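Morning, everyone. Please have the sequence and the model open while I talk.

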Amino acid sequence: MIFFNIAVSTLAFLSVFCGQVALAQSHSTVELTNSTSRKSQNLSGEWRYSVDPYRVGQLGFHGGAPSANALRFADTNIDAALAANPKTFFEQDMEHAPQIKLPGAWNATQTELRYYEGLMWYRRHFDNIATQNERAFLHFDGANYKVSAYVNGALVGSHEGGFTAFSFEITEQLRAGNNQITLGVDCAHNAQSVPPQVTDWDLYCGVTRPINVIYTAQTFINSARIRLLDNGNLGGSVQLNGAQKSNQNIEVSIPELNKKIRTVTNADGYANFEFPRPRGLVKWSPEHPKLYQVEFVTNTDSLKDKVGFRTITTRGTQLLLNDKPIYLRGISMHEEELGTNPSRNMTSAAARELFKHIKNGLNGNFVRLSHYTHSETTLRLADEMGLLVWGEIPVYWTVDFNSPHSLEIAQQTQQEAIARDFNRASIIIWSVGNETPISESRNIFMLKLVAQTRSLDPSRLVSAAIMASRKYENGKATITVDDPLIADLDLLAVNTYNGWYSEDELSALPQIEWVSRADKPMIFSEFGADAKYGVHGDAKNAKFSEEYQALYYQKTLEMADRIPFLVGLSPWILKDFRSPRRQHPIYQEGWNRKGLLSEIGQKKQAYNVLAKFYKVRESKPQD
Ligand code: GCB
């Protein structure tokens, strides 16, 4: 809770210097879902930035309040202050600081910031475009890792967690005309952060997704959800925020289906609705990703969303999409665009390029968006292009499972992910973590996450990427899926690397026997081998060669085909990605090379092996 303490001490300091300060909760009830269809002002573009490795903008030299001349967020005209008193001085000057383009991680922009994981300040100005009686919110699609936001010198809110959307109300702080906004973004990770400090990917620090000012009516639609229920009806809820939220009429309509229903909010501003599925409704599927425009209208606000309708369930070891068995022909993906110097600025065009590889190149229907919540842009594209999605929160490896703070952040992240993406038909699975090592405290932690996820969203499957126990007896390898968590998961998902992190002969992989202790479907959520594009060698032994990776895929796929309860795959990974832990000077140079594509999109041999396997699978009905 260090960050919160800093925010509080800064708050005390600010109340002396800046008068009124309002501190929003780190996770508020303001969801502002479907933010792109609201009146908004995009703050993308050039911002001033100032690096602050010793956090002097937050802490004084003896640890107390910061010195006034180091405050990056103060609403002070430094030029005027110096003109009035030449003896004063400042040890920062945001108005004359260098510029950086947001969104985009600082690591990619400046070579000296490649591995910088500390505090950064950003500043820009914008004009207030609110019409009379509108409320205003600062809306972040995502910023890594902790953010404090200041408008005209006043702290408007703080947030922890690098991959989900959040908003702070700034109605009170906005002035007519020009406004100043300053952000302190701290990328420090530790044992209690989610994810923790050590991962196998580049953290990509700073403001990696768009920031907008969203303007709303005094009482606005905070969230609007709709889905196909298991009983065949359509159902959902609308929630209003504002003084007039109770007893309000709500209209929900799907014009293309000629359907309109009305409901009324309760005292808390909620309205639930359910109605028979309109005749002629076409269900969403990867083959036919049909989306309908749904409109939510109140007396003061309206919101439109494009929504697909489908169900996802299991029966024994089968996975059913719209009640029919399905095999997930997938691949895993990090949020990292193609190119030699990605900055985690996943535009729609960048995401489309990667998804085209999955849909058209690999003949896939599924993507594991690992290891954290990807951008709304990406999820909307998955809906549009017809890709089933595994969504994941960054509970990765050795999170501090004894820490109430870690649990709080993990749960907050899950809640924010579900709030943002509830209407996305593409998402069929929520994963609560990846390769967490079994212990009593871990089991308790993970079970709490599973329970929370189910209660927030009963419409999707809950899973986690786990590891399985391997035994080698009488010349035969057996792998048993026996993690205690499996009793509570809907779908088992195992990461397995036989023949890469083990010295198995690749020819022996198909003989590995897989045993499951649950009558549930399973996928391989990961398998993979590094290969540097253009490196060639003996397929049986030359690790890092394209040939070895291709044979590894072939043999692992043969193994997969022999497992009766296996319903899909998301091999590791579509594209080489930056990882500071991968420093082999010839093959890796800071990149994890398990991609089927190089970082600039060149296809390695294994790409075609998987594409062929999926082509055959596509035409083979699941039994
Ligand atoms: C894993 C992790 C993933 C790594 C991958 C690897 O099991 O889940 O984050 O990047 O292995 O390449 O070793």
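I will go through the ligand, the pockets, the disulfide and a few backbone details.

One caution before the tour: this is a predicted model.

Let's start with the ligand. Which residues are closest to the ligand? Of the 14 residues that surround it, the closest are Asp200, His371, Tyr396, Glu435 and Tyr501. Now look at some polar atoms. His371 has a polar side-chain atom 2.6 Å from an oxygen atom of the ligand. For Tyr396, an N or O atom of the side chain is 2.6 Å from a ligand oxygen atom. Trp572 has a polar side-chain atom as well, and that atom lies 3.0 Å from an oxygen atom of the ligand.

Stay on His371 for a moment. His371 sits in the loop between strand S22 (366–369) and helix H5 (376–385). The peptide bond that joins Ser370 and His371 is cis, with omega at about -15°. Keep in mind that most peptide bonds are trans. There is another cis bond to look at. Leu102 and Pro103 are joined by a cis peptide bond with omega of about 0°. Pro103 is in the loop between strand S3 (99–102) and helix H3 (106–109).

The largest pocket has a volume of about 440 Å³. It is lined by 22 residues, and those nearest its centre are Glu31, Ser223, Arg225, Tyr270 and Leu456. Which elements give two or more residues to that lining? They are strands S11 (220–228), S12 (234–241) and S15 (270–275), together with helices H6 (404–421) and H7 (440–456). By class, the lining of the largest pocket has seven nonpolar, 12 polar and three charged residues.

The second largest pocket holds about 370 Å³ of space. Its lining has 23 residues, with Glu435, Asn495, Tyr497, Tyr501 and Glu526 closest to the centre. The split by class here is nine nonpolar, seven polar and seven charged.

Now the disulfide. A disulfide is a covalent bond between the sulfur atoms of two cysteines. This structure holds one. It joins Cys187 to Cys205, with 2.1 Å from S to S. The link of Cys187 and Cys205 is left-handed, with -70° about the S-S bond. What does the pair tie together? Both cysteines lie in the loop between strand S9 (178–186) and strand S10 (211–216), so the bond ties together parts that are 18 residues apart in sequence. Are these cysteines buried or exposed? Cys187 is buried, at 0% relative accessible area. Cys205 is buried too, at 0% relative accessibility.

Last, some backbone angles. Most residues other than glycine have a negative phi. Arg55 has a positive phi of about 55°. Arg55 is in the loop between S2 and H2, and is partly exposed at 21% relative accessible area. Asn322 also has a positive phi, near 50°. Asn322 lies in the loop between strand S19 (318–321) and strand S20 (324–325). At 11% relative accessibility, Asn322 is buried, because buried means under 20%.

One more loop residue, then I'm done. Thr219 is in the loop between S10 and S11. Thr219 is buried, at 5% relative accessibility. A polar atom of the Thr219 side chain lies 3.0 Å from the backbone nitrogen of Gln244.

Conventions:
Residues are numbered from 1 along each chain as its sequence is written. This is a predicted model: local features need pLDDT of at least 70, side-chain atom pairs count only at pLDDT 80 or more; totals for chains, interfaces and linings use all residues. Side-chain values use heavy atoms; hydrogens and water are left out. On a 1 Å grid over the protein atoms alone, a cavity is a set of points where a 1.4 Å probe fits but cannot get out, and a pocket is an open set with protein on both sides within 12 Å along at least five of seven lines; lining residues have an atom within 4 Å of a point. Grid points are joined across faces, edges and corners, and a volume is the space filled by probe spheres set on the points. Helices (H or I, at least four residues) and strands (E, at least two) are DSSP runs, numbered from the N terminus. Ala, Val, Leu, Ile, Met, Phe, Trp, Tyr, Cys and Pro count as nonpolar, Asp, Glu, Lys and Arg as charged, and the others, Gly among them, as polar. A disulfide is a pair of cysteine sulfur atoms within 2.5 Å. Buried means under 20% relative accessible area, exposed over 50%, partly exposed in between (1.4 Å probe, protein chains only). A residue is near a molecule or strand if one of its heavy atoms lies within 4 Å of it. A polar contact is a pair of N or O atoms within 3.5 Å; within protein, one must be able to donate a hydrogen and the other to accept it, and residues adjacent in sequence count only if both atoms are side-chain atoms.
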